[in-house]
Amino acid sequence: MKLQQLRYALEVYRHNLNVSEAAEALFTSQPGISKQIRLLEEELGIQIFIRSGKRVVSVSQPGKVVLELSERILHDVQNIKNIGSEFTGHDSGPLTIATTHTQARYALPAIVAEFVQRYPKVRLTIKQGSPDTLAQMVLSGNADFAIATETSEESGELRKLSCETWTYAAIVPDGHPLLDCRHPLTIEDLAAFPLVTYEFALNHNNNIARAFQKARLDLPAVALSSADTDVLKTYVRLGLGVGLMAKMAYDGKTDGDLHLIDASHLFEPSHTYIALRPDTYLRGYTYEFINLFSPKLTRMQIDKILYAPIEEDFSI
C-alpha cells in the first residue's frame with residue numbers, strides 16, 4: 001500500500017467521483033490514477049468505488065471507511081512534515097488560508113503585507129468560497145485554516161477561535177429616497193426597498209432575517225445576492241436596490257459615488273472567527289499570521305482552544 005494510492009482515491013472522491021478532474025488536479029494521467037486505485041482495491045480485497053463500465057458512480061460502504069482513514073493518514077503525514085519543516089526551515093514553507101471575498105478584499109490586505117514583510121519565504125495562498133466551502137477546505141486539508149463569519153453545518157468538527165465583530169451598513173447611490181429618511185435608519189425604512197446583499201443573508205437564522213422577524217416584518221425582496229461585495233456595489237450603482245453589506249467594505253476613496261448609512265443598531269454584530277482542525281500541527285509562522293489578524297490570540301491561547309477537550313468552552 002502506498003500513500004500515493006490513498007491520495008489518488010481521496011482526490012477522486014473530492015472531485016465528485018470524476019477521475020479526469022482528479023487527474024488534472026494532481027497533474028497526472030487518468031489511466032495512472034485508475035490503475036493505482038485498482039491495485040489498492042486488489043490489495044485490500046474490496047471495491048472502494050462502484051463502477052458502471054469505466055465510469056465511477058458511487059462509493060462502496062467499506063470504501064467510505066477507507067477514504068475516511070485515508071484522509072486522517074494523509075493529514076497526519078502532513079503534520080509530520082510540518083514538524084520536520086519547523087526545525088529545518090522555520091521561516092519558510094506553504095500557508096493556505098480559506099476565506100470570504102469580503103475578508104480577502106477588505107480585512108486582510110494590510111495584514112498580508114505585514115506578514116509577507118516578516119516572512120518573505122513563506123508561500124502564501126488565499127482561497128475564497130462560501131461558508132460551507134471554507135469548512136470543507138479545512139477539513140480536507142486543502143487549507144490550513146479558514147477566516148469566516150457565518151457558521152457552516154460542516155464546521156462542527158472544527159475548532160473556532162473568536163476574533164473581531166463587524167457591523168452592517170446600508171449603501172445607496174446619489175438621490176436615493178433613504179437619504180431623506182430621518183436618522184437613525186429604522187428597519188421599517190429598509191423594508192420599503194428591495195435589497196442587494198450577501199447570499200447567506202437569505203438563511204432564516206441569519207441576523208438580518210432575525211431583525212425583520214423581530215420587527216414582525218417580511219424580509220424585503222432580494223433583488224440580487226452574491227458572495228462578492230464588489231459585485232453587490234456594482235448593482236447598487238445600477239439602482240437594483242439598497243446594498244446591505246459589511247460596513248468595513250465601504251471605501252470612501254473608491255466608493256465616493258455611493259452613500260453609507262449606518263445600520264449597526266438594526267442588526268446583531270457578526271462575529272469573525274478562525275476555524276482549524278483540532279488535529280493540526282501549526283507552524284510558527286501560522287501562529288504569527290493568526291496573531292496579526294487578531295492580536296488577542298496568542299500562541300498559548302490558540303493552543304489552549306485548539307487542543308482542549310471537546311467539551312470545554314472555547315470562547316475567549
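Residues 24 or more positions apart account for 69% of the contacts in the protein chain with a separation of 6 or more. Contact here means heavy atoms within 4.5 Å. This is a predicted model, in which local features need pLDDT of at least 70, side-chain atom pairs count only at pLDDT 80 or more, and totals for chains, interfaces and linings use all residues. Residues are numbered from 1 along each chain as its sequence is written, and side-chain values use heavy atoms, with hydrogens and water left out.

Start with the whole chain. Its C-alpha atoms fill a box of roughly 75 × 50 × 40 Å, taken along the principal axes. The chain holds 12 helices and 12 strands. These are DSSP runs, numbered from the N terminus: helices are H or I with at least four residues, strands are E with at least two. Of the 316 residues, 44% are buried. Buried means under 20% relative accessible area, exposed means over 50%, and partly exposed lies in between (1.4 Å probe, protein chains only).

Next, the domains. The assignment gives domain 1 (3-82), domain 2 (93-165 + 271-307) and domain 3 (168-268). Such bounds come from an automatic or database domain assignment. UniProt, in an unreviewed entry, lists residues 1-59 as "domain: HTH lysR-type". UniProt positions are given in the numbering used here, with feature names shortened, and annotations may be inferred rather than shown by experiment. Residues 1-59 are 58% helix and 15% strand. The end C-alpha atoms of that span lie 19 Å apart.

Now look between domain 1 and domain 2. Their C-alpha centres are 27 Å apart. Here 5 residues of domain 1 are in contact with 8 residues of domain 2. The area buried between the two is about 690 Å². Carbon and sulfur atoms give 39% of that area. Buried area is the accessible area (1.4 Å probe) that two parts lose on being put together, summed over both. The count of salt bridges between these domains is 1. A salt bridge is a side-chain nitrogen of Lys or Arg within 4 Å of a carboxyl oxygen of Asp or Glu. Arg-277 forms a salt bridge with Glu-71, and the closest N and O atoms are 4.0 Å apart.

Move on to strand β7. Strand β7 runs antiparallel to strand β10 (residues 242-246), joined by 4 bridges. Two strands pair if DSSP finds at least two bridges between them. Tyr-168 stands opposite Ala-246 in β10. Strand β7 also pairs with strand β11 (residues 258-262), again antiparallel, over 5 bridges. There, Ile-171 stands opposite Leu-260.

Tyr-168 leads on to Ile-208, one of its contacts. Ile-208 sits in helix α9 (residues 207-214). Its relative accessibility is 1%, so Ile-208 counts as buried. Beyond neighbours within four places in sequence, Ile-208 also touches Thr-197, Ala-201, Leu-219, Leu-244 and Phe-267.

Finish at Thr-197, in strand β8 (residues 195-198). Thr-197 counts as buried because its relative accessibility is 1%. Leaving aside neighbours within four places in sequence, its contacts include Ile-208, Val-222, Leu-224, Ser-225 and Leu-244.
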